[in-house]
Amino acid sequence: MKNQEIKYSAIEEYYRKHFDDLRSFVGNKVQYSEDADDIVQNVFLRLLSSDNILTQNTLDNLVYTIARNLIYDFYRHRQSVNEYMGYISLKQDNSVSTSSVYSIREIHELVEHGMARLCESQRKIYRMNIYDGLAVSEISKTLNMNYKSVENKLGTARKEVRRYVAKMLA
């Protein structure tokens, strides 16, 4: 109990002295004031909930390490949200033009030509994954093959088809 009180008082003292410095550090990286405030608040919440022994010497480094990790998490989350929003906007666009239908057909043909370049086992595994929607475990059971072997062949097939399609679309 005594150790916890010492820990809380050290965090409180650090908060009072260095809040503005930490806020400007995070603010320079994030550039959104509300998000910077949230990240700084989460830094201190993590400190309060951690079981680590905190001293004045280690507290400064720990605070900035937690802040950097939370900034990385923030940008990773923002990137996935942006990708999802782009995907949603494509899904909500119900107007299908003739050119987009043609390009879908063309891409489908390119994928088929790319699959034709694969060996028979890779082509079979790739078809089962893409067209039948089977997972690697289901494909390995269906074909009575080792899981790692199926996973490896599927990865190689994906790379080869992706490389072919990218080359043909360039």
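A salt bridge here is a side-chain nitrogen of Lys or Arg within 4 Å of a carboxyl oxygen of Asp or Glu. By this rule, the count comes to ten salt bridges. Keep in mind that this is a predicted model.

**Stop 1: helices 1 and 2.** Select residues 2–30 (helix 1) and residues 33–49 (helix 2). They pack at an angle of about 150°, with axes 9 Å apart. Angles over 145 degrees count as roughly antiparallel, and helix 1 and helix 2 are therefore roughly antiparallel to each other. Their crossing is right-handed. Now show side chains at the contact. Helix 1 contributes residues including Ile11, Phe19 and Leu22, while helix 2 contributes residues including Ile39, Val43 and Phe44. The contact residues divide into 15 nonpolar, two polar and four charged.

**Stop 2: Lys17 and Glu13.** Stay on helix 1. Lys17 forms a salt bridge with Glu13, with the closest N and O atoms 3.0 Å apart. The two are four residues apart in helix 1, so about one helical turn separates them. Lys17 is exposed at 55% relative accessible area; Glu13 is partly exposed at 35%.

**Stop 3: Arg78 and Asp35.** Select this pair next. The closest N and O atoms of this salt bridge are 3.9 Å apart. Arg78 lies in helix 3 (residues 56–92) and Asp35 in helix 2, so the pair ties together parts 43 residues apart in sequence. Asp35 also belongs to the contact of Stop 1.

**Stop 4: helix 7.** Select residues 147–169. Lys148 and Glu151 meet in a salt bridge, 3.2 Å from N to O. Lys148 is exposed at 55%, and Glu151 is partly exposed at 33%. Finish with Arg117, Glu160 and Arg163, which salt bridges with shared partners join into one network.

Key:
Residues are numbered from 1 along each chain as its sequence is written. This is a predicted model: local features need pLDDT of at least 70, side-chain atom pairs count only at pLDDT 80 or more; totals for chains, interfaces and linings use all residues. Side-chain values use heavy atoms; hydrogens and water are left out. Axes are lines fitted to C-alpha atoms, for helices over the stretch in contact, and angles run from 0 to 180 degrees between N-to-C directions. Angles under 35 degrees count as roughly parallel, over 145 as roughly antiparallel, 65 to 115 as roughly perpendicular and the rest as oblique. A crossing is left-handed if the near helix is turned anticlockwise from the far one by less than a right angle, and right-handed if clockwise. Contact means heavy atoms within 4.5 Å. Ala, Val, Leu, Ile, Met, Phe, Trp, Tyr, Cys and Pro count as nonpolar, Asp, Glu, Lys and Arg as charged, and the others, Gly among them, as polar. Buried means under 20% relative accessible area, exposed over 50%, partly exposed in between (1.4 Å probe, protein chains only).
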